[in-house]
Amino acid sequence: MAQSSSLERIKDRQFNDPHLLVLKYTVQRGGAKEVVIGDDGVMRLQDRIYVPNVDGLRELILEEAHSSRYSIHPGVTKMYRDLKHHYWWWKMKKDIISHVYRYLNSQQVKYEHQKLGRLTQRFEIPD
């Protein structure tokens with residue numbers, strides 16, 4: 001059975017997130033019905049994997065989703081729709097927006113995207 005390396009990284013680091021530890025104890029006491037810890041040990045909210053804010057996992061997922069050769073730099077809406085089927089974290093949409101716009105801003109200031117200046121010409125002013 002093939003598994004994603006990012007899923008293994010998430011699984012290994014999920015309970016290093018202090019917010020997730022609180023949620024884990026709530027789930028174990030039966031306080032959060034929509035959140036489950038699966039047989040594989042991964043915490044999910046309605047079949048979406050919770051991604052902890054540890055070791056840059058969220059940024060890795062955002063970068064992979066935005067810069068993959070199959071995604072062709074999707075916008076905020078498309079990227080959010082694609083990621084929300086598989087992943088979940090607090091302020092996920094806000095993180096996606098800031099990631100996409102940060103990437104967009106860096107594209108706009110790159111040298112090859114700037115218009116070339118034209119040579120100035122001197123005009124003679126008549127007397």
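**Group meeting talk: a helix, its cover and an aromatic cluster**

Let me start with cover: the buried residues of helix α2 are covered by elements that include β1, β2, β3 (48-50) and β4 (87-88). Keep in mind that this is a predicted model.

Which residues of α2 are buried? In this helix, residues 18-28, they are Leu20, Leu23, Lys24 and Val27. Looking down the axis of α2, these buried residues fall within an arc of 110°, so they line one face of the helix. The general rule behind this is simple. An α-helix has 3.6 residues a turn, so residues three or four places apart point the same way. Now turn to the other side of α2. There, Pro18 and Val22 are exposed. After the helix comes glycine 30, and its phi is positive, near 85°.

Let me step back to the whole chain. The secondary structure comes to five helices and four strands. In sequence order, the pattern is α-α-β-β-β-α-α-β-α. The chain has 127 residues, and 30% of them count as buried. What about contacts? Take those between residues at least 6 apart in sequence: 56% of them join residues at least 24 apart. As for surface, the chain exposes about 9,800 Å². Carbon and sulfur atoms supply 52% of that area.

Next, the aromatic rings. How many aromatic pairs does a search of the whole structure find? It finds three. One of them joins tyrosine 50 and tryptophan 88. This pair is tilted, with 5.0 Å centre to centre and 55° between the planes. The pair links distant parts of the chain. Tyrosine 50 is in strand β3, tryptophan 88 is in strand β4, and 38 residues separate them.

Are these two residues buried or exposed? Tyrosine 50 has 0% relative accessibility, so it counts as buried. Tryptophan 88 is at 15%, and it too counts as buried, because the cut-off is under 20%.

Tryptophan 88 has another partner. With tryptophan 90 it forms a tilted pair, 5.3 Å centre to centre and 55° between the planes. Tryptophan 90 is at 39% relative accessibility, so it counts as partly exposed. Put together, Tyr50, Trp88 and Trp90 form one aromatic cluster.

Arginine 58 is buried, yet it has no salt bridge. The nearest side chain of opposite charge is aspartate 95, and that is 4.2 Å away. The cut-off for a salt bridge is 4 Å.

Last stop: glycine 41. Where is it? It lies in the loop between β1 (35-37) and β2 (43-45). Its relative accessibility is 26%, so glycine 41 counts as partly exposed. Leaving aside neighbours within four places in sequence, glycine 41 is in contact with Gln14 and Phe15. Lysine 11 is 30 residues from glycine 41 along the chain, but their C-alpha atoms are separated by 7.0 Å.

To recap, then. One face of α2 is lined by its buried residues. Tyr50, Trp88 and Trp90 make one aromatic cluster. Arginine 58 is buried without a salt bridge.

Notes: Residues are numbered from 1 along each chain as its sequence is written. This is a predicted model: local features need pLDDT of at least 70, side-chain atom pairs count only at pLDDT 80 or more; totals for chains, interfaces and linings use all residues. Side-chain values use heavy atoms; hydrogens and water are left out. Helices (H or I, at least four residues) and strands (E, at least two) are DSSP runs, numbered from the N terminus. Buried means under 20% relative accessible area, exposed over 50%, partly exposed in between (1.4 Å probe, protein chains only). Contact means heavy atoms within 4.5 Å. Accessible areas come from the Shrake-Rupley method with a 1.4 Å probe; for residues, only the protein chains shown count as cover. Lys and Arg count as positive and Asp and Glu as negative; His and the chain ends are not counted. The arc is that of the directions from the helix axis to the C-beta atoms. Rings of Phe, Tyr and Trp (its six-membered ring) pair if their centres lie within 6.5 Å; planes under 30 degrees apart count as stacked, over 60 as edge-to-face and the rest as tilted.
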